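Could you look this one over with me before we talk? I've jotted down a few points to go with the picture.

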Amino acid sequence: MSIESGDERKPLLVFLNEVAGGRKLLQAVRERQTRVSGVIVAAPQNQPSVGQLIDSAEVHEAARARVEVTMAVLGEFGIESVGEVLDPEPALAVDDAVRAHRPGELLLSCLADTRFGFMRRDLVEWVRDRVEPAVKMTHIPVRIEDDAIRWDLNHTLVVATKTVAAPDLVNRLKERAGIRPHRFTIICPRGEDITEEQVVGDLASTLAELYRSDIDATGQPMSPDPFHAVKNAIEHYRIDDILISTFAGESSQWLEGDLIGRVREITEKSVEHIEVGRPAAAVAAAVAEGEES
């Protein structure tokens, strides 16, 4: 879908390579929103690099989730956007997006040392050489590895789905960041009893709240197996600790499957279980159905 401009303003193209947009990307879009005709969020179907690995069959769904979460975060700040999932090869995807939308500027969100193709070319420099001067290219760097080894910053993996937007959890994350600078990677394994649309909305709400407090975070819905998700994150990134969140006083498939114990067996990092209160709407619904609150 293209955004047409009735004046000299042109669309802003936001290109997410492997990563979901974070606080710095949001800030860049907000700075430009009054000078562009619209915002397009695009992502190639490649492997996400935000604290989780997925099966190849789920690459398209992961790319779509990155786009939807980023769009939802922008929506939290009153910025409308359209989104699309593109070719798995990032270079081809950039070409397709630029040709289709004719943006005035491209915001490239990717890891600082991203390579592509058999020649392992530098993606940032390739895109810059490819699109400029017709289209301005701005790199929004994501340095997860650098952040993960900073002595003054704690990189926490948060595992939450139904509770991801619970005020208790959000406040706990903000309190931690107030004591010591944090980067939060939030993974949301999808369950059968919650829609992806709800997970995307709840996750975007939490990310937006953290961004309002100048806290770096990123996140994405994932395949249903939480242990597989956590295991891959531990193997792939240098995290400092893990928070697993469930509702207090409720049965949980994660707890019934001993997720916390299984995770503790595969890591020496601190694994904390956070029980949060159910939101008022959920309590009211349970009462209406005759359940105990």
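Predicted model: local features only at pLDDT ≥ 70, side-chain atom pairs only at ≥ 80, totals over all residues.

1. Start with H2 (residues 59-76) and H7 (residues 196-212): their axes come within 8 Å and cross at roughly 50°. At that angle the two helices are therefore oblique to each other. As for the hand, H2 passes H7 in a right-handed crossing.

2. Who touches whom in that pair? On the H2 side you'll find Glu61, Arg64, Ala65, Glu68, Val69, Ala72, Val73 and Glu76. Across from them, H7 brings in Glu196, Val200, Leu203, Ala204, Ser205, Leu207, Ala208, Tyr211 and Arg212. Sorted by class, the residues of this H2 and H7 contact come out as 10 nonpolar, 1 polar and 6 charged.

3. Next pair: H3 (residues 90-101) packs with H4 (residues 123-131) at an angle of about 30°, and the axes are 11 Å apart. Angles under 35 degrees count as roughly parallel, so that is the label H3 and H4 get. Their crossing is right-handed.

4. H3 makes its side of the contact with Pro90, Ala91, Val94, Asp95 and Val98, while H4 uses Leu123, Trp126, Val127, Arg130 and Val131. The tally for H3 with H4 is 8 nonpolar and 2 charged residues, with no polar ones.

5. Now the largest pocket, which holds about 570 Å³ of space. Have a look at its centre: of the 25 lining residues, Lys162, Asp193, Ser252, Gln253 and Trp254 are the closest to it. Which elements give two or more residues to the lining? Those are helix H8 (226-236), strand E11 (241-247), helix H9 (253-256) and helix H10 (259-265).

6. Check the peptide bond between Glu132 and Pro133, please: it's cis, with omega about 10°. To find the spot, go to the loop between H4 and strand E7 (136-142), where Pro133 sits.

Notes:
Residues numbered from 1 in each chain as written. Heavy atoms only, no water. Axes fitted to C-alpha atoms, helices over the stretch in contact; angles between N-to-C directions. Helix = DSSP H or I, 4+ residues; strand = E, 2+ residues; numbered from the N terminus. Parallel < 35°, antiparallel > 145°, perpendicular 65-115°, else oblique. Left-handed = near helix turned anticlockwise from the far one by under 90°. Contact = heavy atoms within 4.5 Å. Nonpolar A, V, L, I, M, F, W, Y, C, P; charged D, E, K, R; others polar. 1 Å grid on protein atoms, 1.4 Å probe; cavity = no way out; pocket = protein on both sides within 12 Å on 5 of 7 lines; lining within 4 Å. Points joined across faces, edges and corners; volume = space filled by probe spheres on them.
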